[in-house]
Amino acid sequence: MNRLAKMLAGTFLAGAGTAHAADLEVTHWWTSGGEAAAVSEFAKAFNENTDHNWIDGAIAGSGGTARPIIISRIIGGDPMGATQLNHGRQAEELIEAGLLTDLTELAEQQGWKDIVNPPSLLEACTFEGRIYCVPVNIHSWQWMWLSHGAYDAAGIPVPSDWNAFIESAPKLQEAGIVPLAIGQQSWQQRGAFDVLSVAIAGVDAWRKVVVNRDVGAAMGPEYQNVFAAIETARQLAADSNVQDWNQATNMVITGKAGAQIMGDWAQGEFQIAEQVAGEDYTCLPGLGMNEVLDTGGDAFYFPVIDDPEVQKAQLELASTLISPDVQVAFNLKKGSLPVRGDIDLSAANDCMQKGLDILKAGGILPSGDMNLTPDTQTQIEDLMAEFWSTDMSAADAQAHYADLIRAAE
Ligand code: GAL
């Protein structure tokens, strides 16, 4: 039923005791071209498939900007109807305070435990045995995006891994092209560090440090190589004078930069620019060094609101977000992988297909947001902001990082 017919029906039948439409304010930080195109698929499905209305609460800026706004509104008694957060430990304090709706009954009715793949996504929504969010995608940071236009202009082939990229940098610079694009924001600098940790130190050393908090491994030779790689990367990114992640992606899209380390939400920007994976750009999962995905991503949480109509609308939204057709429509535009293994993704492009193949092969890692508290993540971001933006030595940065791992809860 389209919105006009719905409104007319609602007006005419309002006195007949039908369910009243609830206006549901939904907050998120998806404001780039690709992100906006993707989230509009959620809004369209909710408005068309239910009697309720999606009131868009987009918050400009990154998650680091939006999360404090979202969390303070919920704690301050001015909750939205639903909100995006990253699944993992970001909502722990809100859950402990009893401020988020328990979705366990809905999840059991709809069999989310059998639907959601990999199961770790739903585990990241589970706290003390109860489910508090609906996962909507898998986003992996473990990607590098390379511009065919830039490499054509430099007259050299597109690199197949991080080491070959480093070797290609002088030729890019000779052609007046910035080798590595990165936005000057700490979450991007921390993300690039996380990705280089897996690519350079390897999965075993990464797990020892990030999952097992092994300080000796954090100070070990594998991580020495990581910090040396970042010293090199910061030189190659020295002329990347942009702020937002999608501005850095645009440098790759327009051939002003050779490459960007960024999560696969970057795909949404290439799509909006009508660029084709494998023809206009190349994606390297795990930077071509260790082909893995981290199962980061997004989920929606529903603040407790004492209004039966709103509560009904919240559960209908949760059901809409995980439904098969909506999962396909949203994830194809978002550049992420769906949370369901039972849907047809034949429309997936080269890069998404690479991701699906890695997922099927089980090459997955828990995301940083699943392992470390927001407090530790912020401290690592502050360290990386300093390390990427100053002449701080690799040795000092590594020692400081090891201290943060030692103190991590
Ligand atoms: C991440 C989020 C992605 C994408 C990215 C950049 O935290 O999971 O969906 O939006 O931020 O904004």
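The sections below treat the ligand site, the salt bridges, and selected positions in the chain.

The model is a predicted one, in which local features require pLDDT of at least 70 and side-chain atom pairs count only at pLDDT 80 or more, while totals for chains, interfaces and linings use all residues. Residues are numbered from 1 along each chain as its sequence is written, and side-chain values use heavy atoms, with hydrogens and water left out.

## Ligand site

The side chain of Lys334 places a polar atom 2.7 Å from an oxygen atom of the ligand. For Trp30, an N or O atom of the side chain is 2.9 Å from a ligand oxygen, and for Trp245 the corresponding separation is 3.5 Å. The ligand taken alone exposes 300 Å², of which the protein buries 93%; accessible areas come from the Shrake-Rupley method with a 1.4 Å probe.

## Salt bridges

The whole structure contains 11 salt bridges, each defined as a side-chain nitrogen of Lys or Arg within 4 Å of a carboxyl oxygen of Asp or Glu. Three of them are tabulated here.

| Glu25 | Arg73 | 2.7 Å |

In the salt bridge between Arg73 and Glu25, Arg73 lies in helix 3 (residues 63-75) and Glu25 in strand 1 (residues 23-28), so the pair ties together parts that are 48 residues apart in sequence. Helices (H or I, at least four residues) and strands (E, at least two) are DSSP runs, numbered from the N terminus. Glu25 has 27% relative accessibility and therefore counts as partly exposed. In this classification, buried means under 20% relative accessible area, exposed means over 50%, and partly exposed lies in between, with a 1.4 Å probe and protein chains only.

Glu41 is buried at 13% relative accessibility, whereas Lys333 is partly exposed at 36%.

Elsewhere, salt bridges with shared partners connect Glu25, Arg73 and Asp78 into one network.

Arg190 also takes part in a polar contact of 3.2 Å with the side chain of Glu381. A polar contact is a pair of N or O atoms within 3.5 Å; within protein, one atom must be able to donate a hydrogen and the other to accept it, and residues adjacent in sequence count only if both atoms are side-chain atoms. Glu381 belongs to helix 20 (residues 374-389) and is buried, with a relative accessible area of 11%.

## Backbone features and a buried methionine

Asn117 and Pro118 are joined by a cis peptide bond with omega about 0°. Pro118 is situated in the loop between helix 6 (112-115) and helix 7 (120-123).

Glu274 is a residue other than glycine with a positive phi, near 55°. Its place is in the loop between helix 15 (266-272) and strand 10 (281-285), and Glu274 is exposed, with a relative accessible area of 69%. Leu287, also not a glycine, has a positive phi near 55°. Leu287 occurs in the loop between strand 10 and strand 11 (293-294) and is buried at 0% relative accessibility.

Met144, in strand 7 (residues 143-147), is likewise buried, with a relative accessible area of 0%. Its C-alpha atom is separated by 35 Å from that of Met80, 64 residues apart along the chain.
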